[in-house]
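This briefing concerns helix packing, domain contact and the ligand shell. Please consult the sequence and the structure shown here alongside the text.

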Amino acid sequence: MGYSIFSLARAALGGHRGWGPAWRKAAPKPAYDVVIVGGGGHGLAAAYHLAATYGVHNVAVVEKGWIGSGNAGRNTTIIRSNYLLPGNIPFYELSMQLWERQERDLDFNTMVSQRGVLNLYHSDAQRDGYARRGNAMRLHGVDAELLDADGVRKMAPFLNFGDARFPIRGGLLQKRGGTARHDAVVWGYARAADRLGVDIIENAEVTGFLEENGRIAGVETTRGAIRAGKTGLAVAGNTSKVAGRAGLRLPIESHVLQAFVSEGIKPLIPGVITFGAGHFYVSQSDKGGLVFGGDIDGYNSYAQRGNLPVIRDVCEGGMALMPMIGRIRLLRHWGGIMDMTMDGSPIIDRTPRDGLYLNGGWCYGGFKATPGSGLCFAHLLATNTPHPAATAFRLDRFARGAVIDEKGQGARPNLH
Ligand SMILES: Cc1cc2nc3c(=O)[nH]c(=O)nc-3n(C[C@H](O)[C@H](O)[C@H](O)COP(=O)(O)OP(=O)(O)OC[C@H]3O[C@@H](n4cnc5c(N)ncnc54)[C@H](O)[C@@H]3O)c2cc1C
């Protein structure tokens with residue numbers, strides 16, 4: 001059923017008993033043209049674009065749990081394209097443009113809300129850095145505005161402008177940035193892909209790969225073997241583990257990133273605000289909860305939960321910026337597994353194993369990339385060539401020294 005005001009009215013008249021499932025519970029077929037491992041946002045978006053954009057419909061997405069049980073359903077939902085480096089800006093801007101038309105493309109309310117992303121600066125040097133970033137964005141046609149302290153005060157008068165340890169001197173604003181509802185994004189891609197014939201196979205963990213004449217020819221799963229003309233990995237925090245089963249050793253470490261939500265309060269935060277003197281970022285959900293996060297946990301882990309020192313560190317960042325949140329109660333916190341690359345940028349590429357394609361290394365910024373990543377991965381799977389917006393995300397860039405080190409932190413995943 002298509003979603004429209006008419007179908008809503010019809011369903012309302014029928015007591016809302018007529019809604020069918022949004023996607024089928026598909027059982028695995030013996031073979032597909034393409035099998036994508038991982039039913040997060042990226043895997044589902046790639047499957048959708050394979051069918052919708054490249055006409056490849058004989059596709060399966062194989063997910064070990066339920067779709068969205070990984071980072072796609074655990075992130076803090078921020079979308080933006082405020083990047084600095086040439087390899088990154090065109091890609092993230094493509095993704096932003098896809099967000100802007102996503103609800104029409106998918107016929108699904110993904111609650112894309114362009115309320116703005118404001119990065120605060122606290123020193124002259126940081127202002128210069130943000131001016132440079134803003135100029136780079138504008139040269140690529142991306143919106144950016146540099147605000148002084150008064151400009152920030154107008155937007156967010158509740159920030160600590162009085163006696164802050166790190167006084168707020170201004171901020172870099174991307175008005176087109178904002179948030180989107182993460183679960184809805186997963187469900188929207190799943191429904192749209194399913195309607196185009198894609199099989200979404202949940203509760204099927206990939207435990208190994210089928211090999212034929214040295215080529216990857218499909219996957220072994222807990223629900224049986226599935227042959228595939230091409231196999232794509234989109235398993236985020238499990239990338240190094242799953243790729244390891246195909247004999248690949250990748251420049252990726254897995255770390256936990258935690259996020260937090262407070263009890264609901266009246267509307268306060270106008271968009272997304274990031275602290276420039278520590279790692280803390282915050283937005284407000286439609287239910288009123290403050291949604292916030294900060295640094296990754298410093299140790300390697302595959303657990304979807306984090307540790308207490310980071311909780312303290314993140315809350316300190318929040319208190320430094322907005323001391324009045326000290327009396328708000330924390331409602332929940334959780335963690336997801338980040339596939340941290342050595343330069344903080346992602347990989348969308350063929351692998352040295354013929355038949356096996358890789359989408360990974362999204363670190364903690366992959367939600368905003370979901371639509372662009374899906375399109376570019378689908379392009380690679382369909383054509384065997386990189387999408388023009390993703391030519392920098394090659395696997396061999398680490399060997400070539402052509403890293404995309406957006407933060408300038410070197411090969412230190414815990415700092416990216
Ligand atoms: C707390 C937190 C906050 C974040 N905040 C933001 C943010 O504000 N903005 C932003 O841009 N990004 C953010 N991110 C990062 C973003 O969520 C991820 O980079 C992105 O979701 C990764 O892509 P994905 O959606 O495909 O991953 P996932 O949803 O993790 O999908 C991978 C899937 O692969 C499955 N899988 C793994 N192994 C196997 C196997 N062997 N067989 C079958 N399936 C398997 C997993 O179960 C999982 O469902 C955040 C992440 C976290 C955890």
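Phe91, Tyr92, Leu94, Ser95, Leu98, Trp99 and Gln102 of helix α3 meet Pro371, Gly372 and Leu375 of helix α9, contact being defined as C-beta atoms, placed from the backbone, within 7 Å. This is a predicted model, in which local features need pLDDT of at least 70 and side-chain atom pairs count only at pLDDT 80 or more, while totals for chains, interfaces and linings use all residues. Residues are numbered from 1 along each chain as its sequence is written. Helices (H or I, at least four residues) and strands (E, at least two) are DSSP runs, numbered from the N terminus.

**Packing of α3 with α9**
- The contact of α3 with α9 comprises seven nonpolar, three polar and no charged residues; Ala, Val, Leu, Ile, Met, Phe, Trp, Tyr, Cys and Pro count as nonpolar, Asp, Glu, Lys and Arg as charged, and the others, Gly among them, as polar.
- The axes of α3 and α9 are 7 Å apart, at an angle of about 105 degrees; axes are lines fitted to C-alpha atoms, for helices over the stretch in contact, and angles run from 0 to 180 degrees between N-to-C directions.
- That angle makes α3 roughly perpendicular to α9 (under 35 degrees is roughly parallel, over 145 roughly antiparallel, 65 to 115 roughly perpendicular and the rest oblique).

**Packing of α2 with α9**
- Helix α2 (residues 41–52) and helix α9 (residues 370–383) have axes that come within 7 Å and cross at roughly 55 degrees.
- α2 is therefore oblique to α9.
- Residues making this contact include Gly41, His42 and Ala45 of α2, and Thr370, Pro371 and Ser373 of α9.
- By class, the contact of α2 with α9 has ten nonpolar, six polar and no charged residues.

**Domains**
- The protein chain divides into domain 1 (23–108 + 182–251 + 343–415) and domain 2 (117–177 + 253–341), with bounds from an automatic or database domain assignment.
- The C-alpha centres of domain 1 and domain 2 are 27 Å apart.
- Domain 1 contributes 33 residues to the contact and domain 2 contributes 30 residues.
- On the side of domain 1 that touches domain 2, β3 (78–79), α3 (89–106) and α7 (239–244) each give two or more residues, and α3 gives the most, with four residues.

**Ligand shell**
- The ligand is surrounded by 39 residues, the closest being Gly38, Gly40, Gly70, Gly336 and Gly366; a residue counts as near if its C-beta atom, placed from the backbone, lies within 6 Å.
- Domain 1 and domain 2 each provide at least three residues of the shell.
- α2 and β12 (252–264) each supply at least two shell residues.
- The shell has 14 nonpolar, 20 polar and five charged residues.

Notes
Contact = placed C-beta atoms within 7 Å.
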